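This report covers a sheet, a group of aromatic rings and several charged pairs. The sequence and the model come first.

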Amino acid sequence: MAILYTGCSSDKNNDRTEDCSDVICDMAFLNIPITIKYEDGTPVVLDSYEVIEVATGKVRDVPNWGKEFNTYIIASDLDRGDFAGKEIELQFVGKIGEKIVVAKNYVVSANCCHTYLLKGDEEIVLKERIP
């Protein structure tokens, strides 16, 4: 008995979304997280952050787990439909109080199964400690 399994992997041409009907995806739900630390390794805890779609100015709705896990989500598989087959530039803007302490751009995309990071630092190191 032969079983045919097609999944999302880098050796398949599923980065294009013309036809995802034959693609079987895993059940994983993926996020694109970033971490922010000071030079000594201490996590930076932001008071607030936004992820802005650069082309449109739209503020994306992303989970805010920063204070609990010291990780900031810039996109997730919930965005897959919007990002599929495209390269989308996002800007992450993080604040402590009213002061912007980080503003970084990222490029993301999605295939038939998942959203993924194309360009951008997954770890940001701040030199200046913010009180």
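A residue counts as buried when its relative accessible area is under 20%, and as exposed when that area is over 50%. In this predicted model, both Tyr49 and Tyr72 are buried by that rule. For Tyr49 the relative accessible area is 11%, which means that Tyr49 falls in the buried class.

**Aromatic rings**

There are three aromatic pairs in the model. Tyr49 and Tyr72 make an edge-to-face pair, with 5.1 Å centre to centre and 85° between the planes. This pair links distant parts of the chain, since Tyr49 is in strand 2 (residues 48-53) and Tyr72 in strand 3, 23 residues apart. Tyr49 also pairs with Phe92, here in a tilted arrangement with 5.0 Å centre to centre and 35° between the planes. Phe92 belongs to strand 4 (residues 88-96) and Tyr49 to strand 2, so the pair ties together parts that are 43 residues apart in sequence. Phe92 has 0% relative accessibility and is therefore buried. Through ring pairs, Tyr49, Tyr72 and Phe92 are linked into a cluster.

A ring also takes part in a contact with a charge: Arg129 lies over the face of Tyr38, 4.2 Å from the ring centre.

Three strands form an open sheet in the order 3-1-7, with mixed pairing. Strand 3 (72-76) and strand 7 (123-126) are at the edges and have a single partner strand each, so one side of each lacks a neighbour in the sheet. On average, neighbouring strands of this sheet are turned by 20° against each other, direction ignored. Strand 1 (residues 31-38) and strand 3 run antiparallel and are joined by four bridges. Asn31 has Ser76 in strand 3 as its bridge partner.

**Salt bridges**

The model has seven salt bridges.

| Pair | Distance |
|---|---|
| Lys37 and Glu123 | 3.5 Å |
| Glu128 and Lys99 | 3.6 Å |
| Lys104 and Asp121 | 3.9 Å |

Lys37 in strand 1 and Glu123 in strand 7 are 86 residues apart. Lys37 is partly exposed at 30% relative accessibility, and Glu123 is partly exposed at 42%.

Glu128 follows strand 7, whereas Lys99 is in strand 5 (residues 99-110), 29 residues apart. Glu128 counts as exposed, at 51% relative accessibility, while Lys99 is partly exposed, at 44%.

Separately, a network of salt bridges links Glu53, Arg60, Asp79 and Asp82.

How values were computed. Residues are numbered from 1 along each chain as its sequence is written. This is a predicted model: local features need pLDDT of at least 70, side-chain atom pairs count only at pLDDT 80 or more; totals for chains, interfaces and linings use all residues. Side-chain values use heavy atoms; hydrogens and water are left out. Two strands pair if DSSP finds at least two bridges between them. Helices (H or I, at least four residues) and strands (E, at least two) are DSSP runs, numbered from the N terminus. Axes are lines fitted to C-alpha atoms, for helices over the stretch in contact, and angles run from 0 to 180 degrees between N-to-C directions. Rings of Phe, Tyr and Trp (its six-membered ring) pair if their centres lie within 6.5 Å; planes under 30 degrees apart count as stacked, over 60 as edge-to-face and the rest as tilted. Buried means under 20% relative accessible area, exposed over 50%, partly exposed in between (1.4 Å probe, protein chains only). A charge sits over a ring if NZ of Lys or CZ of Arg is within 6 Å of the ring centre and within 35 degrees of the ring normal. A salt bridge is a side-chain nitrogen of Lys or Arg within 4 Å of a carboxyl oxygen of Asp or Glu.
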